[in-house]
Amino acid sequence: MKKFTVICLAILAACCQSCTPKDGDWDPIRLSKSEISFGTEGGTCTVEAKNYKSWWINDIRVTGTNTYYFPEPGDNRKVAGEGISAMIGTEENTVVITVSPSPDRHDWTVEMEAGDAFTSIRIRQN
């Protein structure tokens, strides 16, 4: 009987351990849009995380460069850079991206995070 109890406890421990989420075990963020294009007039677009209730902005990067725009310390809900801004919407699982009017060609990447899941949204202008 003691051997049976030990075996049952070992199986229970293994089952509980496999159910505990580990770093990196988060589901990928599903987006309503992963790429957005704007013309010379700029504009605003909202992107939704389909499978998370909230998320935050890590940064905006000028694609293909080492230029990054970061949120103010302690406020990962809003980021602004030259020609672009992103902010968490009234629905916590949305981000509102605004691009200023410009005749120039631009390419940015908005990096988002929810828990231990990461994604990026590609923004192009012209």
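These notebook entries record what I looked up in a predicted model.

**Basis.** I number residues from 1 along each chain as its sequence is written, and side-chain values use heavy atoms, without hydrogens and water. In this predicted model, local features need pLDDT of at least 70 and side-chain atom pairs count only at pLDDT 80 or more, whereas totals for chains, interfaces and linings use all residues.

**Sheet.** I looked up the strands (DSSP runs of E, at least two residues, numbered from the N terminus). Five of them form an open sheet in the order 1-9-8-3-4, with mixed pairing; two strands pair if DSSP finds at least two bridges between them. Strands 1 and 4 stand at the edges with a single partner strand each, so one side of each is left without a neighbour in the sheet. Strand 1 runs parallel to strand 9, joined by four bridges. I noted Arg124 in strand 9 as the bridge partner of Ser37.

**Salt bridges.** I found five salt bridges in the structure, each a side-chain nitrogen of Lys or Arg within 4 Å of a carboxyl oxygen of Asp or Glu. One of them joins Glu35 and Arg124 at 2.9 Å, N to O. This pair spans 89 residues, from strand 1 to strand 9. Another joins Asp107 and Arg122 at 2.6 Å, N to O; Asp107 lies in strand 8 and Arg122 in strand 9, 15 residues apart. Through shared partners, salt bridges join Glu35, Asp107, Arg122 and Arg124 into one network.

**Contacts.** I looked up Val95 for contacts (heavy atoms within 4.5 Å). Leaving out residues up to four places away in sequence, Val95 touches residues including Trp55, Ile57, Met112 and Ile121.
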